[in-house]
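The sequence and structure come first.

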Amino acid sequence: MNKYRYQSLVLLMSISFLGIILVQAFWIKTSYVNKEKQFQYTISQVLNNLSKKSQAKEKYDFYKNIEAYKKATGKTPNKTDIKEIFYIERDLITNDQIIYSNKISLENYEINQPFIDNNRSSKVSNYSSHSRTEVYKEDQKLDQGTTISSRKIPDEVIEKETDLDIGLELAYYDVVGVYPIEKRINTHDLNEALQIELKQQGIETPYEFAIFSNGLSTSIASKNYAYNEKNTYSVLLFPDMDNFSKHKLFVSFPNKSTYLYADLLPFVLISMLFIAVIMVAYYSAISQLNNLRQVSEIKNDFINNMTHEFKTPIATINLALDAIKNPKIITDQEKILKYAAMIKEENKRMHAQIENILRMSKLERKELDIPKEKMEIHELIEDAMARVALQIEDRNGDLSFEFNASRDTVLVNPTHFTNVITNVLDNAIKYSPDELKIEMSTENIKDFILIKIKDYGQGISKQAQKRIFEKFYRENTGDLHNVKGHGLGLSYLKQIIEDHNGQVFVESEKGKGTTFFIKLPLIN
């Protein structure tokens, strides 16, 4: 996969994923804001209803006490007529006449106020209305100039006496309004009224309340009231006729956010679940893309390495064939045999590489038969050392060994295990460009034998150490191919060791060398 294409896909997926998260976050925030506005509207209704009902009850008690006092004392008020309305109507068809009169009077009471204050008295004014309707039939038609005092007896009379309550309402505001809030309402009644109103609106969350008069706190408050601008609401209590009041009720909801989110919780959880699923899918897709990119890089490296691996023997074979066709050499049997042996050796080398690839493929498909037998591991190590002895000698290198393990009998496949040790030694030789020095040792750890192979070569980076056992993986060296190979040796090594129920791990520091550890179970 092209590097820029990979980066474009990752960027596009990241933007899409981020967009989904932002949309979900915006939806949750918008839902919360709408829920908060609805809560605010509901609380406003609750407090307004509470204020109106509290004042209505206080008015009712005031009027009731006034009427009870008037009846109990039996006092006659000072009455003054202040307005009279006179109205005459004639029916043109029946010739009947209707005379309507309405007299409005002002009544003044001097009332002691035991229900308010025993030491005070007050004048309470009340307006009353007396209406009278007289109906005169046609045969009793009044003459045009007839006055009220000289009327004949009406055929029908309707009279009504009503209180206009205007004066009582004024008295309520004048008299009750001057008293402290503690005489008008108490904490228990206020709390009970709040509970009822909130329950009717379906709001069930803890609350605290307090009444302030002229901005100062009063004794009417719940135990844990504390003002918080975000969760406190207020309303005027007992406003006058101009809708002004010095008393203000504050109600706060400490757990408002929790209460609002509780309703949104199912939707938020579902949203979070979807985001989690999308996140897993996103991570999986990125991992797959990354794996594809790595496979693509490994494939390209493998092709490049295999090209270099096959290019040399093919070139050697072509040179040998060209030499054989030379008329001067075709008659020289010794040179013919030399070039034939060279062709055979290079062909054998290419065949070995192909076998390595096929063997790895069979290992992955579990098709490679690896029979095991009881062997002494030190003998197999010596065989592997003998295979590379000429290479080490040619490099003027040094291979030392210490067989410290007193027990070395294991169940192994001698061919494959010898190949494993040879691969490690071959890597130590290839990746020691300067001084070639290899140290080998064995030791017993409980019922295991530990084989240690250490070199002082160029080492392996920390990042590469995590992947050196992957198939086809080779540490990136740019366009340099000074070290031949196709990235199969260590992958083969790991699979063979694991097939023997063993473990392999590596320690390395760039520029200071590498140590391979192979751990195998012993036969008791």
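## Methionine 440 and its surroundings

In this predicted model, methionine 440 touches Ile381, Met385, Leu399, Ser400, Phe401, Glu402, Ile421, Leu425, Lys452 and Ile453, with residues up to four places away in sequence not counted.

Met440 belongs to the largest nonpolar core, a set of 41 residues. Along with Ile377, Phe417, Leu425 and Ile438, Met440 is listed among the residues with the most contacts inside that core.

At least two residues of the 41-residue core come from each of the helices α7 (377-394), α8 (414-430) and α10 (489-499). The strands β11 (409-412), β12 (437-445), β13 (448-455), β14 (503-509) and β15 (513-521) each supply at least two as well.

In soluble globular proteins, nonpolar side chains tend to be buried together.

## Glutamate 197

Helix α3 (residues 187-200) contains glutamate 197. The relative accessible area of glutamate 197 is 4%, so this residue counts as buried, the cut-off being under 20%.

The side chain of glutamate 197 makes a polar contact of 2.8 Å with that of lysine 53. Beyond four places in sequence, the contacts of glutamate 197 are Val46, Asn49 and Lys53.

## Whole chain

The protein chain has ten helices and 15 strands. Of its 524 residues, 36% are buried. The chain exposes about 32,600 Å², of which carbon and sulfur atoms supply 53%.

For contacts between residues at least 6 apart in sequence, 69% join residues at least 24 apart.

Note on methods:
Residues numbered from 1 in each chain as written. Predicted model: local features only at pLDDT ≥ 70, side-chain atom pairs only at ≥ 80, totals over all residues. Heavy atoms only, no water. Helix = DSSP H or I, 4+ residues; strand = E, 2+ residues; numbered from the N terminus. Buried < 20%, exposed > 50% of the residue type's maximum accessible area, 1.4 Å probe, protein only. Contact = heavy atoms within 4.5 Å. Areas by Shrake-Rupley, 256 points an atom, 1.4 Å probe, with all protein chains shown as cover. Polar contact = N/O pair within 3.5 Å; in protein donor to acceptor, adjacent residues only side chain to side chain. Core = buried A, V, L, I, M, F, W, Y, C linked by side-chain atoms within 4.5 Å.
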